[in-house]
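Welcome! Have the structure open beside you, and let us walk through it together, one part at a time.

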Amino acid sequence: MKHNQTRREPGTPTSKYPAYEAVRPYFDLVRGALGDLVDGAHFFDIVSDEVVYEVLYDFPGWPRIIRGRADLMAQFSGYGDSIKLQAADKLIIHKTDDGCVVVIEYEVHGTILATGVKYNNRFASIIRIENRKIVHWRDYMDSLAAWNALTSAARENIGSPQNKKISR
């Protein structure tokens, strides 16, 4: 089998993983960025069963280290309850070590579902590949952008007229 036979073009249906539709733009961007360096059609097909997924920032409800594909899938299954991504773009790819290490820079754009506030963030991810699967992921993001999106509705509502009680 050719290495790219299982590759899916971004934007095609992900019926094998319907619970992750809210994160699809991110998954499509990553899959496209890694191209023929990995085997599999979907993000979860290209991570090893023993993947280590690190985030070097604090994000509510998200652990700093996730070990294993099953735990990574479980963590992402709740993402769509909070945030719906509409796009992932501005991709820059840096390949090193003959493609065994790939650094991607990108942006995601979505909506915080609880508040309707727009969510725009920038990321840099360092990805190590072995045997055509992701074995290690280290993620950096603009924490201030996330903080602003997650707290802006609360800040805006504090001073809104409907939240002020008028005493007589």
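## A covered helix

In helix α1, the buried residues are R24, P25, Y26, F27, D28, L29, V30, R31, A33 and L34. Here, buried means under 20% relative accessible area, exposed means over 50%, and partly exposed is in between, using a 1.4 Å probe and protein chains only. Helices (H or I, at least four residues) and strands (E, at least two) are DSSP runs, numbered from the N terminus. This is a predicted model, in which local features need pLDDT of at least 70 and side-chain atom pairs count only at pLDDT 80 or more, while totals for chains, interfaces and linings use all residues. Residues are numbered from 1 along each chain as its sequence is written, and side-chain values use heavy atoms, with hydrogens and water left out.

So what covers the buried residues of α1? The cover includes β1, α2 (69-77), β3 (83-96), β4 (101-112), β5 and β6. Just after the helix, G35 takes a positive phi of about 45 degrees.

## Inside the core

The largest nonpolar core has 41 residues. Such a core is a set of buried Ala, Val, Leu, Ile, Met, Phe, Trp, Tyr and Cys residues joined through side-chain atoms within 4.5 Å. Those with the most contacts inside this core are Y26, F43, Y53, F76, Y119 and W137. Which element gives the most to this core? That is α1, with six residues.

Look up F43 next. Leaving aside residues up to four places away in sequence, F43 touches Y26, F27, V30, Y53, L72, F76 and W137; contact means heavy atoms within 4.5 Å.

## Aromatic pairs

Rings of Phe, Tyr and Trp (its six-membered ring) pair if their centres lie within 6.5 Å; planes under 30 degrees apart count as stacked, over 60 as edge-to-face and the rest as tilted. By this rule the count comes to 22 aromatic pairs. One of them joins F27 and F44 edge-to-face, at 5.1 Å centre to centre with 65 degrees between the planes. F27 lies in helix α1 (residues 24-34) and F44 in the loop between α1 and β1 (47-55), so this pair ties together parts that are 17 residues apart in sequence. Both F27 and F44 are buried.

F43 and W137 also form an edge-to-face pair, 5.9 Å centre to centre and with 80 degrees between the planes. This pair links distant parts of the chain, 94 residues apart: F43 is in the loop between α1 and β1, and W137 is in strand β6 (residues 133-141).

## Strands side by side

Two strands pair if DSSP finds at least two bridges between them. β1 and β6 run parallel, joined by five bridges, and the bridge partner of Y53 in β6 is W137. Strand β5 (residues 118-130) pairs with β6 in the antiparallel sense over eight bridges, where A124 stands opposite Y140 in β6. β5 and β6 form a hairpin with two residues between them, and N131 in the turn has a positive phi of about 50 degrees.

## Salt bridges

Side chains of opposite charge can pair when their charged atoms come close. A salt bridge is a side-chain nitrogen of Lys or Arg within 4 Å of a carboxyl oxygen of Asp or Glu, and the structure holds seven. D45 forms one with K16, the closest N and O atoms being 3.2 Å apart. D45 is buried, with a relative accessible area of 15%, whereas K16 is exposed at 61%.

E21, R24 and D28 are linked in a network of salt bridges.
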